[in-house]
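Hi,

Here is the structure I promised to pass on.

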Amino acid sequence: RWQQVLDPLRCRLLVERYPSSQQQHDLFLTVMACAWQQGTGQPKCVVRLEHHGRSPLNGPAPERTAGWFVREYPVAIDLTGGASVDSVSAAVAQVPHRGLSYGLLRRTPPLCHLPSPHRGLVYYGRMHDVLRARGSFQVLGEDFYNASHPEGAPLWSNAPRIVMEVHRTHGALRWGFKSDESRVSRGFVQSLSEAVSEWLNSFKG
């Protein structure tokens, strides 16, 4: 269930300043890290990111294929020197090949002995709006996903303890958190969501 929706004026201002999906992704990653620091006092955190995997690899981009080729990989965010989208974007850009080889390396020593990140971010961009515009397939609403995964139920075995999901639909930016309530309290999730809202409404970049 989406907990927060950015007001239309603020949404328009942020989209004008950060027009590309990658810039908006890095903006929310920055704000999530800021909210995490505010709630925990920790300026450093490791976040698991998700990439759709439809980028070209020594050939044509697989844009006409069905489905995603999702890959997940961690990125370390350090706000010790202050928070800025540029510094977070630089950290994301330093990940080799956008994490393409991480899935294989993660299962080999010494990476296989390291703990998985406790935090995650998934940015869907305008994917739902694009599919709606084409009209070929009906986009399932959030209620469907909530029904298939009840609120508060444990996430899949290797999932982070808390995942921030961001959508841009119908011109609005929406975000919410999925969490394993056996390891993360509702109060902390709510405070994190409120902190994200505060940072978005005051963020200077």
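How many bridges join strand 2 to strand 3, and do the two run parallel or antiparallel? Strand 2 (residues 44-51) and strand 3 (residues 71-78) are joined by 8 bridges, and they run antiparallel. Keep in mind that this is a predicted model.

Val-47 is a handy residue for finding your way around here. On one hand, Val-47 has Val-75 as its bridge partner in strand 3. On the other, its bridge partner in strand 4 is Arg-119. Strand 4 covers residues 119-123, and its pairing with strand 2 is parallel, over 3 bridges. In general, the strands of a sheet pair through backbone hydrogen bonds, in either the parallel or the antiparallel sense.

Next, the inside. The largest nonpolar core has 40 residues, and the ones touching the most other members are Leu-29, Ile-77, Met-164, Trp-175 and Leu-200. Helix 2 (residues 21-40) supplies the largest share of this core, with 9 residues. As a general point, nonpolar side chains tend to be buried together in soluble globular proteins.

Which residues is Leu-200 in contact with, leaving aside its neighbours within four places in sequence? Leu-6, Arg-10, Leu-14, Leu-27, Phe-28, Val-31 and Trp-175. Contacts across the sequence also show up in the chain as a whole: among contacts between residues at least 6 apart, 68% join residues at least 24 apart.

Then there are the salt bridges, 5 of them in the structure.

- Lys-178 and Glu-165 meet through their side chains at 3.7 Å, N to O. This pair links distant parts of the chain, with Lys-178 in strand 6 (residues 172-179) and Glu-165 in strand 5 (residues 162-169), 13 residues apart. Glu-165 counts as buried, at 13% relative accessibility, while Lys-178 is partly exposed at 26%.
- Asp-180 pairs with Arg-183, and their closest N and O atoms are 3.3 Å apart. Asp-180 is buried, at 7%, whereas Arg-183 is partly exposed at 43%.
- Arg-186 pairs with Glu-181, with the closest N and O atoms 2.6 Å apart. Arg-186 is exposed at 53%, and Glu-181 is partly exposed at 31%.

Why does Arg-186 count as exposed? Because its relative accessible area is 53%, and the cut-off for exposed is over 50%.

Last, the overall numbers. Of the 205 residues in the protein chain, 38% are buried. Its accessible surface comes to about 11800 Å², and 55% of that belongs to carbon and sulfur atoms.

Cheers

Terms used:
Residues numbered from 1 in each chain as written. Predicted model: local features only at pLDDT ≥ 70, side-chain atom pairs only at ≥ 80, totals over all residues. Heavy atoms only, no water. Core = buried A, V, L, I, M, F, W, Y, C linked by side-chain atoms within 4.5 Å. Buried < 20%, exposed > 50% of the residue type's maximum accessible area, 1.4 Å probe, protein only. Helix = DSSP H or I, 4+ residues; strand = E, 2+ residues; numbered from the N terminus. Contact = heavy atoms within 4.5 Å. Pairing = 2+ DSSP bridges. Salt bridge = Lys/Arg side-chain N within 4 Å of Asp/Glu carboxyl O. Areas by Shrake-Rupley, 256 points an atom, 1.4 Å probe, with all protein chains shown as cover.
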